[in-house]
Amino acid sequence: MAFRPKRALAIFWKDALDLKKNKGLLLSMLALPAVLVVVPTLVVYAYLQNPNDPSLRTMAVYYDPALPLSVNAGRFLVEKTLADWFGLFLIMPVFVPMLISSQSVAGEKERRTIEPLLASPATAAEIFFGKSLASLVPAVGITWGAFAALCLLVDVVAWPKVHELLLPNGLWLFGVGVIAPLFAFFGNGVAVLVSARVAEARLAQQFSALFVLPLIGLVGSQLAGLLRAGVLYYAIQGGVIALVDLGLVFASIRLFDRERLISKWVCSPRAFWKSEGPAAPLVKAEPRALSDASPRCAGGSGGRSSNRRSRSRCGGPGRPARWRRSRSGRSSTGRRR
Amino acid sequence: MTGIQVNGLAKRFSGRVAVEGLTFHVRPGEVFGLLGPNGAGKTTTVRMLTGLLSPSEGEGTVCGHSIREGGEALRKAVGLLTEQPGLYDRLSARENLLFFIKLNELDEAKAWARAKGYLSRFGLGGREEEPCGSFSKGMRQKLAIVRALVHDPQVIFLDEPTSGLDPESARTVRDAVAELASEGRTIVLCSHNLAEVERLCTRVAVVKRRLLALAPIAELRREGSALDIQLEGEASRFSEALRALPFSPHSQAEGGRLKVMLSEDAQAPDVIAALVGAGARLRSVVPMQRPLEEVYLELMRQEAQ
């Protein structure tokens, strides 16, 4: 089955248009970048107001006991803050695609728009790539826009004190240019995988958000002085995420099949971890004997005899009358792309 | 081959039987009704026939494309109106249709001209730029029908096409369905509106997880039909003569009117002969046909027993 870029682009076009008209989602997407830009700017401003303050020296020595006296503590803390902050900044390219993908995949299920889409000629891979593009482009765009704003604000507050540009530096340029897109891909892959299983966008966002927690843990370790952030540290993070991204692409395409998207929905966190699909209800097996249960199938002529003739064509053998509980577990059916 | 062939189709979800043993065919240009109560497996059947679900058992072809392997070609050949309109509320009617025109890789100008024709026909002309979220239920339903037709499919599956429509719009949709069938398109109509099915469909399949009946509507209605006989004098005098017949038909007498229940049409001449033989002077004999609703409800009652 050939991959048709035109169809993937059509899905990207529709999702981008829908996002543009979704003011609520756009606002919630912009809240995080605003915080991630304003907070470090204020911290840099605070450190540079009185860089020789003894309490700053105490903090700096906590992070680097071998810090020479000749090094300005305020400046050291500014550079450390900016290096550490990049770890927190990476939450943005992870979180924004999670918001968008949850809306565009689980949201399609919720609004019952997924069935007409799946009934179209678009293949699973085209739908996956179209939807991924629609979440990656805004995520990376917002990240780069937020980075530009951060550079501007930090340099505006720092210039009067340091008389040089603190941002962009090598770490941030490498991080925002290379690592952030990899993290955006990660956020998108996780959200698509989760969305393929759940019935609601809200549930998809909740589950996806769990995957941001390790990232916050790493940043916490940096701030506690347990990990030292630098280009190598972020490059290793990027390498690991790139490998995870590859796995996510394969898993997403594999799980992004029509049958799963239509019939395997879970509506609760418990069901998400425990079962493949909704709890199967009690079903009553056919209670009637073959002679009673055969369908009435008729061709051109009516009458009892024609019915009798056609029974063998239409009717299967009746099953014994009993109640049974259907099994939970994987469907034996093939996947549809 | 633009029709539908289904042989032994079954679908199970985690062991739960949704449908099983479905065998039927739909001829090209035929309007075929798929009837059954809620949860009977109609939607599952349609999803299998449109390539959305893979059958657990059985085979089928739609427009010559296998429902297992047809994939993209199958989905290009069919149009589907789902139970819920499933429109993008923030997008306008034009954007909704344009999306599906792009997905089908159609010539946008030509396909949009066709779509505009349908929009005008369904009373949505001039509303193309309005967001679908502002549309009434009926308008949404009509737009979803246009979306199902926009790529000019040969086989069209319509799930409750007139649901939520006012009588005038429902009539427009019915006329459109009839016209599409006259153009040689195959139409499968899932509906609970039996009067509509009776009006549009030539044959129906009644399903409740399995096939309960498959026949032309006229034949279904004839089965178990009755004769309304007007005769001179008191009709009850002839009840005994009818009971003497080998198939002993049930009859109801009221004044000069006799209603005789038959299990098949071939019994009618014997009934008339028996009455004439007993000295009855017949004024009129009118075959009575049961409405489809009665046939359907009887099938459901039999299935429940």
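A residue is buried if 20 or more other C-beta atoms lie within 10 Å of its own, exposed if 12 or fewer, and partly exposed in between, with C-beta atoms placed from the backbone. By this criterion, 47% of the 305 residues of chain B count as buried. In chain A, buried residues make up 42% of the 337 residues. The model is predicted: local features need pLDDT of at least 70, side-chain atom pairs count only at pLDDT 80 or more, and totals for chains, interfaces and linings use all residues. Residues are numbered from 1 along each chain as its sequence is written, while chains are lettered from A and ligands numbered from 1 in the order in which they are written.

Helices (H or I, at least four residues) and strands (E, at least two) are DSSP runs, numbered from the N terminus. Chain A has 15 helices and three strands. Chain B has 11 helices and 14 strands. Two residues are in contact if their C-beta atoms, placed from the backbone, lie within 7 Å. Of the contacts in chain A with a separation of 6 or more, 80% are between residues 24 or more positions apart. For chain B the corresponding share is 69%. The C-alpha trace of chain B spans about 75 × 45 × 30 Å along its principal axes.

In chain A, a helix pair was examined. The axes of H2(A) (residues 23-49) and H5(A) (residues 91-110) come within 10 Å and cross at roughly 175 degrees. Axes are lines fitted to C-alpha atoms, for helices over the stretch in contact, and angles run from 0 to 180 degrees between N-to-C directions. H2(A) is therefore roughly antiparallel to H5(A) (under 35 degrees counts as roughly parallel, over 145 as roughly antiparallel, 65 to 115 as roughly perpendicular and the rest as oblique). On the H2(A) side, the contact residues include Leu25(A), Met29(A) and Leu32(A). H5(A) contributes residues including Met92(A), Phe95(A) and Leu99(A). By class, this contact has nine nonpolar, two polar and no charged residues. Ala, Val, Leu, Ile, Met, Phe, Trp, Tyr, Cys and Pro count as nonpolar, Asp, Glu, Lys and Arg as charged, and the others, Gly among them, as polar.

Chain B is divided into domain 1 (4-220) and domain 2 (226-288), with bounds from an automatic or database domain assignment. Their C-alpha centres lie 45 Å apart.

One open sheet of chain B has four strands in the order S2-S1-S4-S5, with antiparallel pairing. Two strands pair if DSSP finds at least two bridges between them. S2 and S5 (65-66) of chain B are the edge strands, each pairing on one side only. Helix H1 (residues 42-49) of chain B packs on this sheet and touches S1, S2 and S4 (57-62). Its direction makes about 120 degrees with that of S1(B). S1(B) (residues 4-13) and S2(B) are joined by seven bridges. Ile4(B) has Val26(B) as bridge partner, and Arg12(B) has Val17(B). Two residues lie between the strands of this hairpin, where Ser14(B) takes a positive phi near 45 degrees. Nine of the 11 residues of S2(B) (residues 16-26) are buried, so this strand is largely enclosed by the rest of the structure.

Another open sheet of four strands in chain B has the order S12-S13-S11-S14, again with antiparallel pairing. Its edge strands are S12 (251-254) and S14 (282-288). The twist averages 15 degrees from one strand to the next. Helix H10 (residues 268-277) of chain B packs on the sheet, touching S11, S13 (257-261) and S14. The direction of H10 makes about 160 degrees with that of S14(B). S11(B) (residues 226-231) and S14(B) pair over six bridges. In S14(B), Val286(B) is the bridge partner of Asp228(B).
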